[in-house]
Amino acid sequence: MHTSPSEMNKSVELACAHSILLFAALLTAGWFVIAGWLPVVDPELDSEAISNMFQQDRIRILIGVSIVGFAAPLWWVFAGAIATHMRRIEGTHYPLTRIQVACAGGTAVIILLEVWLVLAICFRPNIEPSAVQLANDFIWLTFVGFYPPGVLQNVVIGTCILTDKSETPIFPRWVGFANFWMALGFMPGIYIVFFKSGPFAWDGILGFWIIALCFFAWIGMMWWSVVRAVKQA
């Protein structure tokens, strides 16, 4: 039997759930619009071209990624909102809830690491182009291809949802299955380290666009699911 939150707790939970929309908006505005990284930086650019990009667009990149740095902790906030309802499903012992929170922590930390690496490049605009290229490779390989925490997070969320055998499940069962499918959608991140061009490169249809589609679709689906769970509690 599920426990019901108080009205005050519901307001807090809704605020935590809505935080993911702010995260998505700030990430999109900061990384892709203000920093100007859409289309994604070409993996085949040489070191001079990458160094020139960071020097010529230094201010806009600084502003854009700083916004992303502000947004990153909101991933923890939303993970807390998901965890609240996963724990209602699991009861006294809640290993899947804890794993989900840990996975979210990994994703948020890597975003923060990427942000501060970009800020360090912009802080020292005269460093060697080869060093800038290496840092740029790390930034994009992790931004697009740091799939393990996200995949595991989806798997444990899906597993938790499908173990809910109550008459009125907290999350619809289709959301559990969708989490498994979206976990598969993140898996092309495995291949981006092997390709600098084509569909599996970090700017390719499979290496970037499918992953991005799954990422933002997951955000929308889980936001709706958590808000629904709060209101029906």
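Predicted model: local features only at pLDDT ≥ 70, side-chain atom pairs only at ≥ 80, totals over all residues.
Residues are numbered from 1 along each chain as its sequence is written, and side-chain values use heavy atoms, without hydrogens or water. Local features need pLDDT of at least 70 and side-chain atom pairs count only at pLDDT 80 or more, whereas totals for chains, interfaces and linings use all residues.

Helices are DSSP runs (H or I, at least four residues), numbered from the N terminus. Helix 8 (residues 173–186) packs against helix 9 (residues 205–232) at an angle of about 160°. Their axes lie 9 Å apart. Axes are lines fitted to C-alpha atoms over the stretch in contact, and angles run from 0 to 180 degrees between N-to-C directions. The two helices are therefore roughly antiparallel (an angle over 145 degrees). The crossing of helix 8 and helix 9 is left-handed, meaning that the near helix is turned anticlockwise from the far one by less than a right angle. Helix 8 contributes Trp174, Val175, Ala178, Asn179, Met182, Gly185 and Phe186 to the contact (heavy atoms within 4.5 Å). Residues of helix 9 in the contact include Ile210, Phe215, Trp218, Met222 and Ser225. The contact residues comprise 14 nonpolar, three polar and no charged. Here Ala, Val, Leu, Ile, Met, Phe, Trp, Tyr, Cys and Pro count as nonpolar, Asp, Glu, Lys and Arg as charged, and the others, Gly among them, as polar.

Helix 6 (residues 129–145) has 17 residues and should span 24 Å at 1.5 Å a residue. The expected span is 1.5 Å times one less than the number of residues. The end C-alpha atoms of helix 6 are 23 Å apart, which agrees. Buried residues of helix 6 include Pro129, Asn136, Trp140 and Gly145. Buried means under 20% relative accessible area, exposed over 50% and partly exposed in between, with a 1.4 Å probe and protein chains only.

Serine 19 is found in helix 1. Serine 19 is buried, at 8% relative accessible area. Not counting residues up to four places away in sequence, serine 19 touches Leu74, Val77 and Phe78.

Arginine 60 belongs to helix 3 (residues 58–71). At 37% relative accessibility, arginine 60 is partly exposed. Beyond four places in sequence, arginine 60 touches Val33, Ile34, Ala35 and Gly36. Glycine 36 is 24 residues from arginine 60 in sequence, yet 7.9 Å away C-alpha to C-alpha.

Proline 39 sits in the loop between helix 1 (7–34) and helix 2 (47–56). The peptide bond from leucine 38 to proline 39 is cis, with omega near 5°. Most peptide bonds are trans.

How values were computed
Parallel < 35°, antiparallel > 145°, perpendicular 65-115°, else oblique.
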